[in-house]
Amino acid sequence: MKKLCICIFLILIFPKISLFPINTFSSAFAQQKPIPPYAKWGQVAVKETKKKYPNARVVDYLHIGKVSGEHSSTEKFKLWLKGTQKEFGVFVDIEFNNQTEKIMKITYRETPR
């Protein structure tokens, strides 16, 4: 009984010294994810789509994939836009030179879904 009282007394006087420090349970660690290689082209897709559809805002964004060719490649995206009257999707294809990464052509195709 005497040992129990001493332990309780010490815990009350020195609350930082305990078997389970509070920091152990409250620490959260954020995990860094690498930037995907298509991120640059995704920004271009969003920027150019906003220019083409100035009265709509981009609500969602999806990278569909990349088609690689010998001299040029095409990054494919689907953006979901919300206008004043309707919501709609736009497929955006960005074709660029493999060596210079200069944009050769951007195509847009609207879709109701």
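Which strand holds the place of Thr111? Select Thr111: its place is in strand β4, residues 103–111. Helices (H or I, at least four residues) and strands (E, at least two) are DSSP runs, numbered from the N terminus.

This is a predicted model, in which local features need pLDDT of at least 70 and side-chain atom pairs count only at pLDDT 80 or more, while totals for chains, interfaces and linings use all residues. Residues are numbered from 1 along each chain as its sequence is written, and side-chain values use heavy atoms, with hydrogens and water left out.

**Stop 1: Thr111**

Stay on Thr111. It counts as buried because its relative accessibility is 16%. Buried means under 20% relative accessible area, exposed over 50%, and partly exposed in between (1.4 Å probe, protein chains only). Now show its contacts (heavy atoms within 4.5 Å). Leaving out residues up to four places away in sequence, Thr111 touches Lys78, Phe88, Gly89, Val90 and Phe91.

**Stop 2: the sheet**

Select the strands. Four of them make an open sheet, ordered β1-β2-β3-β4, with antiparallel pairing. The edges are β1 (57–68) and β4, each pairing on one side only. Neighbouring strands here are turned by 20 degrees against each other on average, direction ignored. Axes are lines fitted to C-alpha atoms, for helices over the stretch in contact, and angles run from 0 to 180 degrees between N-to-C directions. Two strands pair if DSSP finds at least two bridges between them.

Walk across the sheet:

- β1 to β2: ten bridges, antiparallel. His63 has Phe77 as its bridge partner in β2. The two strands form a hairpin with three residues between them.
- β2 to β3: eleven bridges, antiparallel. Leu79 stands opposite Val90 in β3.
- β3 (residues 87–97) to β4: eight bridges, antiparallel. Glu95 has Lys105 as its bridge partner in β4.

**Stop 3: helix and core**

Next, colour the largest nonpolar core, which has 13 residues. Such a core is a set of buried Ala, Val, Leu, Ile, Met, Phe, Trp, Tyr and Cys residues joined through side-chain atoms within 4.5 Å. Which members touch the most others? Leu81 and Ile94 do. At least two core residues come from each of α3, β2 and β3. β3 gives the largest share, five residues.

Centre on Leu81. Beyond four places in sequence, its contacts include Thr49, Tyr53, Val58, Phe88 and Val90.

**Stop 4: salt bridges**

The structure holds six salt bridges. Each is a side-chain nitrogen of Lys or Arg within 4 Å of a carboxyl oxygen of Asp or Glu.

Select Asp93 and Lys76: their side chains meet at 3.2 Å, N to O. Asp93 is in β3 and Lys76 in β2, 17 residues apart. Asp93 counts as buried at 17% relative accessibility, whereas Lys76 is partly exposed at 25%.

Move to Glu110 and Lys86, which meet at 3.9 Å, N to O. Glu110 lies in β4 and Lys86 in the loop between β2 and β3, so the pair ties together parts that are 24 residues apart in sequence. Glu110 is partly exposed at 43%, and Lys86 is partly exposed at 47%.

Finish on Lys105 and Glu95, with their closest N and O atoms 4.0 Å apart. Lys105 is in β4 and Glu95 in β3, ten residues apart. Lys105 is partly exposed at 45%; Glu95 is partly exposed at 21%.
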